[in-house]
Amino acid sequence: MKSPVHRCRDVEQSRGQAWARTTLFQTEHRIPISKDVITSSSASAMWFIKDACGIICALITWLLVLYAEFVVLFVMLLPSKNLTYSIVNGSLFNALAFLALASHLRAMCTDPGAVPKGNATKEYIESLQLKPGQVVYKCPKCCSIKPDRAHHCSVCKRCIRKMDHHCPWVNNCVGENNQKYFVLFTMYIALVSLHALFMVVFHFLYCFEDDWTKCSSFSPPATVILLILLCFEGLLFLIFTSVMFGTQVHSICTDETGIEQLKKEERRWAKKTKWMNLRAVFGHPFSLLWFSPFSTPDHGKAETYQYVV
């Protein structure tokens with residue numbers, strides 16, 4: 001069986017020269033195509049990238065959150081004599097950690113906006129009913145008709161609509177369909193890291209004032225090591241995720257993906273307000289569902305994409 005790339009080349013070779021002159025090499029025109037035409041058939045199915053590096057990074061992310069959970073509960077909160085302090089901080093920390101992991105899972109297992117693979121066939125292109133002079137752009141790597149603002153990911157091996165970047169920590173591309181979950185993941189990780197740092201500082205002060213043997217169920221050396229490691233982890237993740245959260249919000253507000261900024265691509269799409277761009281990613285209208293990883297945003301089914309050369 002031939003690969004999509006070979007089939008794509010065969011289609012190109014089998015085209016008549018007259019059809020090629022009238023369809024491929026005329027002056028460029030934008031062709032509005034319904035979003036449903038280019039929606040991947042796997043959009044509603046389970047999405048998972050089988051990349052060893054990405055899977056390892058995703059597992060490390062979960063293990064680090066579970067380590068923080070262990071230190072917070074068994075080193076700081078359960079040995080505490082203040083029941084109210086333990087309940088309030090334990091509930092808050094666990095809620096943030098749960099939302100962070102849920103956002104991570106949604107960002108990892110949601111189709112980021114993959115274009116159907118191998119659809120750049122002569123029959124399919126003819127079904128688009130292109131007029132003389134209108135052109136389409138085909139990706140030579142996955143043999144798909146490539147809409148405007150889509151880029152090919154070498155890890156996912158697919159063209160992704162509004163691809164921002166490929167993140168190994170979520171083992172997926174950040175694109176049109178899962179950018180909300182990635183933003184929520186970075187936000188909740190930053191919040192849970194900040195909360196953990198506050199509790200570590202407070203616990204250190206408490207142990208300095210009291211007997212170290214009474215402020216933790218572990219030995220003093222083990223307690224210090226566990227707290228220092230959590231402090232280092234929290235500080236590192238707080239800085240990293242805060243920067244990522246800021247860059248993502250900036251990209252959303254300016255309606256320009258990371259790849260588009262890096263390549264300094266010419267802006268070919270209509271300029272919208274920052275509020276409209278935020279609603280396009282998180283949903284219409286503003287509500288608490290914006291902060292929920294279990295709510296699927298409406299990206300605008302009536303939106304159209306442009307196939308350009």
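User: Which hand does the crossing of helix 4 and helix 7 have, left or right?
Analyst: In this predicted model, helix 4 passes helix 7 in a left-handed crossing.

User: What makes helix 4 and helix 7 roughly parallel or oblique?
Analyst: Start with the angle. The two helices pack at about 30°, and their axes are 11 Å apart. That makes helix 4 roughly parallel to helix 7, because angles under 35 degrees count as roughly parallel.

User: How is helix 4 placed against helix 8?
Analyst: Here the packing angle is about 135°, with the axes 10 Å apart. That makes helix 4 oblique to helix 8. An angle has to be over 145 degrees to count as roughly antiparallel. The crossing of helix 4 and helix 8 is left-handed.

User: What about helix 7 and helix 8: at what angle do they cross?
Analyst: Their axes cross at roughly 150° and come within 7 Å. Angles over 145 degrees count as roughly antiparallel, so this pair falls in that class. The crossing of helix 7 and helix 8 is left-handed. Their contact holds 20 nonpolar residues, eight polar and no charged.

User: How do you know whether helix 8 has the expected reach?
Analyst: Compare its span with its residue count. Helix 8 has 35 residues. From first C-alpha to last it reaches 51 Å, close to the 51 Å expected at 1.5 Å a residue.

User: Which residue follows helix 8, and what is its phi?
Analyst: Asp255 comes next, with a positive phi near 55°. Most residues other than glycine have a negative phi.

User: How many cavities of 30 Å³ or more are there?
Analyst: The count is one. The largest cavity has a volume of about 130 Å³. It is lined by 13 residues, and the closest to its centre are Val65, Ala68, Val192, Ser193 and Glu233.

User: Which helices supply at least two residues of that lining?
Analyst: Helix 4 (52–77), helix 7 (179–209) and helix 8 (220–254) each do.

User: What classes of residue make up the lining of the largest cavity?
Analyst: Nine are nonpolar, three are polar and one is charged.

User: Why is the phi of Arg149 worth a look?
Analyst: Its phi is near 70°, a positive value in a residue other than glycine. Most such residues have a negative phi. Arg149 sits in the loop between helix 6 (122–127) and strand 2 (150–153).

User: What kind of peptide bond joins His284 and Pro285, cis or trans?
Analyst: The bond is cis, with omega about -20°. Most peptide bonds are trans. Pro285 belongs to the loop between helix 10 (274–282) and strand 6 (304–307).

Note on methods. Residues numbered from 1 in each chain as written. Predicted model: local features only at pLDDT ≥ 70, side-chain atom pairs only at ≥ 80, totals over all residues. Heavy atoms only, no water. 1 Å grid on protein atoms, 1.4 Å probe; cavity = no way out; pocket = protein on both sides within 12 Å on 5 of 7 lines; lining within 4 Å. Points joined across faces, edges and corners; volume = space filled by probe spheres on them. Helix = DSSP H or I, 4+ residues; strand = E, 2+ residues; numbered from the N terminus. Nonpolar A, V, L, I, M, F, W, Y, C, P; charged D, E, K, R; others polar. Expected span 1.5 Å × (residues − 1). Axes fitted to C-alpha atoms, helices over the stretch in contact; angles between N-to-C directions. Parallel < 35°, antiparallel > 145°, perpendicular 65-115°, else oblique. Left-handed = near helix turned anticlockwise from the far one by under 90°.
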